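Please consult the sequence and the structure shown below.

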Amino acid sequence: MVWAAEFETQMSGAWQTGFLYPSKEFKADHSHVGEGQAYVQGRNTQVANRMLTISTKKEKTTAAAWHPTKGMIPYTFAFTSDIWHTKQTVAPKKGVVQIKVQATGKAKHTLCFITTQAEKVLPILPKQVAKGYTIYTLVWNEKEVTNYVNDQEVSRGKNTLTGKQLHLLIRSYLPESQKGGTAKLDIDWIRIYTNA
């Protein structure tokens, strides 16, 4: 094991709210026009009983949002949620990441590897998250990535981020094209191993 988050206390200094950008001049804590939630800088995140919970709540909020043609604008959202990333790189060049997670409610959730260049991501959670607590695994090397759900292989593909410095990103969101609602993402633990 080379890195782990067991959530014994509040979010440690390893984590930061917002999107990961290469420059501190970029506003990391923002949402997107086209989504139904405002991100609220960790206020919807709780750590208790060795569990991380990100809640998506119904509450009207005006917050900064990125618009594809207008740039950053104030935008009114019907819901709030949270987004986090690791401040430092956490992944070896090849390895294994496992998470134990449960998702309930009507939000979508992302847990993936990202880079500071905002390139393609390596998803750890599938698009459809299973019911109940589930262990998701991503195994990667320089050439390919393989995803597992409770130790059963579900997909295999090319590693599009070979040689890149990888961070973790967690977020809950509500696509405006789909009917969303309140939700919770409960993460028991995240563990990263090297298989060098």
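Glu 153 and Arg 156 form a salt bridge, their closest N and O atoms lying 2.9 Å apart; the term denotes a side-chain nitrogen of Lys or Arg within 4 Å of a carboxyl oxygen of Asp or Glu. Salt bridges with shared partners join Glu 144, Glu 153 and Arg 156 into one network. Glu 153 is partly exposed at 42% relative accessible area, and Arg 156 is partly exposed at 47%. Buried means under 20% relative accessible area, exposed over 50%, and partly exposed in between (1.4 Å probe, protein chains only).

The model is predicted: local features need pLDDT of at least 70, side-chain atom pairs count only at pLDDT 80 or more, and totals for chains, interfaces and linings use all residues. Residues are numbered from 1 along each chain as its sequence is written, and side-chain values use heavy atoms, with hydrogens and water left out.

The count comes to 6 salt bridges, including the following.

| Pair | N to O distance |
|---|---|
| Glu 8 and Arg 50 | 3.0 Å |
| Glu 35 and Arg 171 | 3.1 Å |
| Glu 153 and Arg 156 | 2.9 Å |

Glu 35, in the loop between strands E3 (31–32) and E4 (37–39), and Arg 171, in strand E15, are 136 residues apart. Both Glu 35 and Arg 171 are buried. Strands (E) are DSSP runs of at least two residues, numbered from the N terminus.

Arg 171 also belongs to the lining of the largest pocket, where Thr 110, Cys 112, Val 121, Leu 169 and Arg 171 lie nearest the centre among 20 lining residues. A pocket is an open set of points on a 1 Å grid over the protein atoms alone where a 1.4 Å probe fits, with protein on both sides within 12 Å along at least five of seven lines; lining residues have an atom within 4 Å of a point. Strand E10 (108–114) gives the most to this lining, with 6 residues. The lining residues of the largest pocket divide into 13 nonpolar, 3 polar and 4 charged.

Asn 159 lies in the loop between strand E14 (152–158) and strand E15 (167–173). Is Asn 159 buried or exposed? Asn 159 is buried, with a relative accessible area of 6%. Its side chain reaches the backbone nitrogen of Leu 161 at 2.9 Å. Leaving aside residues up to four places away in sequence, Asn 159 touches several residues, among them Trp 140 and Glu 144, where contact means heavy atoms within 4.5 Å.

Key: Helix = DSSP H or I, 4+ residues; strand = E, 2+ residues; numbered from the N terminus. Polar contact = N/O pair within 3.5 Å; in protein donor to acceptor, adjacent residues only side chain to side chain. Nonpolar A, V, L, I, M, F, W, Y, C, P; charged D, E, K, R; others polar.
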